[in-house]
Amino acid sequence: MQQLAVTLLSEQVQSLNAAGQPPQLLDVREPWEISTASLDLPGTRALAIPMQQIPLRLDEIDPDLPVLVLCHHGMRSLQVALFLERQGYPHAYNITGGIDAWSRQVDPSVPLY
């Protein structure tokens, strides 16, 4: 499992796409959180699966493609990325700092909550 800073997220997405590995952006927050502040990242396939539903919905996540895992502050996404790695997803990335860091460091138009 790799850590990925929000400031490098767009660059990493471009790099993965150039390598023929289009990434999946897995948002593990609750639906109300996503409706409050969302991240639309071009070049990714967006998936919204709350953390507690991940074990039941693994079939929605392609194990052969990189998975960029996002939450509010980076703790739930860290746990999910580690879980995915244990389940045979070798290219799981935790987005450190989550949507909160994205709002503060990259795009202040994304609301803080």
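I began with the packing of helix 1: its buried residues pack against strand 1 (2–5), strand 4 (67–70), strand 5 (92–96) and helix 4 (98–105). For me, buried means under 20% relative accessible area and exposed over 50%, with partly exposed in between (1.4 Å probe, protein chains only). Contact means heavy atoms within 4.5 Å. Helices (H or I, at least four residues) and strands (E, at least two) are DSSP runs, numbered from the N terminus.

A note on the source: this is a predicted model, where local features need pLDDT of at least 70 and side-chain atom pairs count only at pLDDT 80 or more, while totals for chains, interfaces and linings use all residues. Residues are numbered from 1 along each chain as its sequence is written, and side-chain values use heavy atoms, leaving out hydrogens and water.

Which residues of helix 1 are buried? I found Leu9, Val13 and Leu16, within a helix that covers residues 9–18. Seen down the helix axis, the buried residues of helix 1 fall within an arc of 65 degrees (from the directions of the C-beta atoms), so they line one face. On the face turned away from that side I noted the exposed residues Glu11, Gln14 and Ala18. After helix 1 comes glycine 20, with a positive phi near 75 degrees.

Then I stepped back to the whole chain. I listed four helices and five strands, in the order β-α-β-α-β-β-α-β-α from the N terminus. Buried residues make up 42% of the 113 residues. Among contacts between residues at least 6 apart in sequence, 67% join residues at least 24 apart.
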